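Dear colleague,

I am passing on the structure below, and after it you will find an account of what came out of the analysis. Please read the two side by side.

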Amino acid sequence: MPVFATVSFKGGSGKSTMVLALASACADAGARVLIVDADPNAPIMRWSQMANRPDTIEVVSALDPAQLETAVQAGRAGFDIVLIDSEGSRSSLGIKSAVLADAVLIPCRLSVLDAIEAIGVDILLTSIAGCHPVSLAYVPMATTVLSWRERTSRDALEQLRGMQRLILPGLPDRAAHRAVWSYGGTIHSLEDAVVSGLPSARTDAEALAVAVMTRLLRQRSHAGLA
């Protein structure tokens with residue numbers, strides 16, 4: 001079963017939000033999802049203890065490399081997809097997450113400084129991989145829906161395109177994505193009366209999930225990665 005790691009050395013990049021959005025879309029499509037929370041701040045572990053978590057999404061904590069490897073092995077054996085939410089720093093767990101994963105997602109806020117940080121993650125992971133190609137994609141995380149049209153956002157995207165990596169459909173910052181941290185559940189289980197913009201948030205998450213499961217895995221296959 002495919003394992004995807006979200007890796008960023010910058011806090012607030014949107015890793016945990018992206019993981020929950022992907023898990024929500026995959027679970028809504030009928031997949032059994034394991035989220036491995038490898039962040040000492042444990043944002044997704046806290047979310048998992050709130051009401052309305054779907055039965056098809058399980059969450060485990062992994063705070064050292066051995067726990068992480070054990071969790072990933074169990075996920076491959078018993079789930080349809082495994083998502084690793086790593087710490088937003090240059091920790092060994094972030095690197096280990098990338099090593100264990102079939103592909104890596106690097107979330108990036110749409111600013112030039114954030115793009116530079118994301119590219120730094122790419123360069124480090126590539127250097128660690130050596131002669132083995134890394135299946136990796138950037139995921140733009142906009143501060144607001146309108147910010148996608150700003151010149152600074154276009155400049156950030158140009159920085160990312162210069163790395164000649166996949167740039168997958170991103171996630172605009174919608175109230176619905178923030179609501180799951182307050183009310184529990186997912187963007188597919190929340191009701192419209194609770195928060196606005198749920199249909200758009202679901203569409204965003206589903207488009208990203210399709211791209212991850214097709215374009216990113218296809219890139220891995222074409223690169224000849226085992």
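**Asp 114 and helix H5**

Asp 114 counts as buried, because its relative accessibility is 13%, and its place is in helix H5. Please keep in mind throughout that this is a predicted model. Setting aside residues up to four places away in sequence, Asp 114 touches Lys 10, Cys 108 and Arg 109.

The helix that holds Asp 114 also packs against another one: H5 (residues 112–129) and H6 (residues 151–161) lie with their axes 8 Å apart, at an angle of about 15°. The two helices are therefore roughly parallel to each other, given that angles under 35 degrees are counted in that way, and H5 passes H6 in a right-handed crossing. On the H5 side the contact is made by Val 112, Ala 115, Ala 118 and Ile 119, and on the H6 side by Thr 152, Asp 155, Ala 156, Gln 159 and Leu 160. Sorted by class, this contact of H5 with H6 has 6 nonpolar, 2 polar and 1 charged residues.

**Two further helix pairs**

Helix H3 (residues 65–78) and helix H4 (residues 92–100) pack with their axes 10 Å apart, at an angle of about 30°, and are therefore roughly parallel to each other. Here, too, the crossing is right-handed as H3 passes H4. H3 contributes Pro 65, Leu 68, Glu 69, Val 72 and Arg 76 to the contact, while H4 contributes Leu 93, Lys 96, Ser 97 and Leu 100; by class, these residues divide into 5 nonpolar, 1 polar and 3 charged.

How do the axes of H1 and helix H7 cross? They come within 10 Å and cross at roughly 90°, and H1 and H7 are therefore roughly perpendicular to each other. In this contact Ser 16, Thr 17, Leu 20 and Ala 21 of H1 meet His 177, Val 180 and Trp 181 of H7, a set that divides into 4 nonpolar, 3 polar and no charged residues.

**The nonpolar cores**

The largest nonpolar core has 43 residues, and those with the most contacts inside it are Val 33, Ile 35, Leu 105 and Leu 168. Helix H1 (residues 15–28) supplies the largest share of this core, namely 9 residues. A second, separate core is made up of 35 residues, among them Phe 79, Ala 98, Ile 106 and Ala 156; of these, Ala 156 has already been named in the contact of H5 with H6.

Pro 2 has its place in the segment before strand S1 (3–6), and with a relative accessible area of 14% Pro 2 is buried. How many residues apart in sequence are Pro 2 and Met 213, and how far apart in space? They are 211 residues apart in sequence and 8.6 Å apart in space, C-alpha to C-alpha. Not counting residues up to four places away, Pro 2 touches Asp 80, Ile 81, Val 82, Asp 102, Met 213 and Leu 217.

Glu 58 lies in strand S3 (residues 57–61) and is partly exposed, with a relative accessible area of 32%. Between Glu 58 and Thr 214 there are 23 Å in space, C-alpha to C-alpha, for 156 residues in sequence. When neighbours within four places in sequence are left aside, Glu 58 is in contact with Arg 32, Val 33, Leu 34, Ile 35, Arg 53 and Phe 79.

**Positive phi values**

Ala 42 is not a glycine and yet has a positive phi of about 55°; Ala 42 lies in the loop between strand S2 (33–38) and helix H2 (43–48). Gln 164, also a residue other than glycine, has a positive phi near 55°, and is found in the loop between H6 and strand S7 (166–167). Is Gln 164 buried or exposed? Gln 164 counts as exposed, because its relative accessibility is 73%.

With best regards

How values were computed
Residues numbered from 1 in each chain as written. Predicted model: local features only at pLDDT ≥ 70, side-chain atom pairs only at ≥ 80, totals over all residues. Heavy atoms only, no water. Core = buried A, V, L, I, M, F, W, Y, C linked by side-chain atoms within 4.5 Å. Buried < 20%, exposed > 50% of the residue type's maximum accessible area, 1.4 Å probe, protein only. Helix = DSSP H or I, 4+ residues; strand = E, 2+ residues; numbered from the N terminus. Axes fitted to C-alpha atoms, helices over the stretch in contact; angles between N-to-C directions. Parallel < 35°, antiparallel > 145°, perpendicular 65-115°, else oblique. Left-handed = near helix turned anticlockwise from the far one by under 90°. Contact = heavy atoms within 4.5 Å. Nonpolar A, V, L, I, M, F, W, Y, C, P; charged D, E, K, R; others polar.
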